[in-house]
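Please examine the sequence and the three-dimensional model shown here. The paragraphs that follow lead from one local feature to the packing of helices and then to the chain as a whole.

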Amino acid sequence: MRFQGPQIGEDAPCEYSYEYSLFWRLWREEKFFECHEVLEELWRRTSGPQKWFYAGLINAAVAIYQHRRGNFWGAARQYSRARVKLHPFAPFHDGVNIEELLSGVRGEIEPSLRKLSKRQAEMLAAVEHNVCERMKCDF
């Protein structure tokens, strides 16, 4: 995996939750399904714009998980959702270089993205539009 994530340990300062720190440890271990599971707990307890940040990280992890399972369409959809959700937090948020993260995920799932048909690529634009519309109420 090209993007190893910020170096946030489990003994991180109090501004980072245990789940957030654990998410990045699991990311570095390439346990992307587990990343999703652990951050989902924090996502559920969060409101406002920060909830979109956590959702974007979950989507990024699931994109890689789906790619590695051979689900190229699922990987592409999750990556598209991650891009839209994380974009407002660029360039840095909670220790994460957003561009570096998205570039690393894209590099990992590039073989899946190359398998998309023209129709599927067009469908991704609709996915991104729908996510943007849902996010407007929180930003």
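This is a predicted model: local features need pLDDT of at least 70, side-chain atom pairs count only at pLDDT 80 or more; totals for chains, interfaces and linings use all residues.

Glycine 70, which comes just after helix α3, takes a positive phi of about 90°. Of the 20 residues of α3, 16 are buried, so the helix is largely enclosed by the rest of the structure.

One of the elements that pack against α3 is helix α2, which is formed by residues 32-45. The axes of α2 and α3 lie 9 Å apart, and the angle between the two helices is about 160°. Because angles over 145 degrees count as roughly antiparallel, α2 and α3 are roughly antiparallel to each other. Their crossing is left-handed. On the side of α2, the contact is made by Phe32, Phe33, Cys35, His36, Leu39, Glu40, Leu42, Trp43 and Arg44. The residues of α3 that take part are Lys51, Tyr54, Ala55, Leu57, Ile58, Ala61, Val62, Ile64, Tyr65 and Arg68. By class, the contact of α2 with α3 has 14 nonpolar residues, one polar residue and four charged residues.

Helix α2 also packs with helix α1, which consists of residues 18-28. Here the axes come within 8 Å and cross at roughly 165°. The helices α1 and α2 are therefore roughly antiparallel to each other, and α1 passes α2 in a left-handed crossing. In this contact, α1 supplies Glu19, Tyr20, Leu22, Phe23, Leu26 and Trp27. They meet Phe32, Glu34, Cys35, Val38, Leu39, Leu42 and Arg45 of α2. Sorted by class, the contact of α1 with α2 has 10 nonpolar, no polar and three charged residues.

Leaving aside neighbours within four places in sequence, phenylalanine 23 is in contact with Cys35, Val38, Leu39, Leu57 and Ala61.

Not counting residues up to four places away in sequence, glutamate 19 touches Val38, Leu39, Leu42 and Arg45.

The view may now be widened to the chain. There are six helices and two strands, and from the N terminus on, the elements run α-α-α-α-β-β-α-α. The chain has 139 residues, of which buried residues make up 50%. Among contacts between residues at least 6 apart in sequence, 63% join residues at least 24 apart.

Key
Residues are numbered from 1 along each chain as its sequence is written. Side-chain values use heavy atoms; hydrogens and water are left out. Buried means under 20% relative accessible area, exposed over 50%, partly exposed in between (1.4 Å probe, protein chains only). Helices (H or I, at least four residues) and strands (E, at least two) are DSSP runs, numbered from the N terminus. Axes are lines fitted to C-alpha atoms, for helices over the stretch in contact, and angles run from 0 to 180 degrees between N-to-C directions. Angles under 35 degrees count as roughly parallel, over 145 as roughly antiparallel, 65 to 115 as roughly perpendicular and the rest as oblique. A crossing is left-handed if the near helix is turned anticlockwise from the far one by less than a right angle, and right-handed if clockwise. Contact means heavy atoms within 4.5 Å. Ala, Val, Leu, Ile, Met, Phe, Trp, Tyr, Cys and Pro count as nonpolar, Asp, Glu, Lys and Arg as charged, and the others, Gly among them, as polar.
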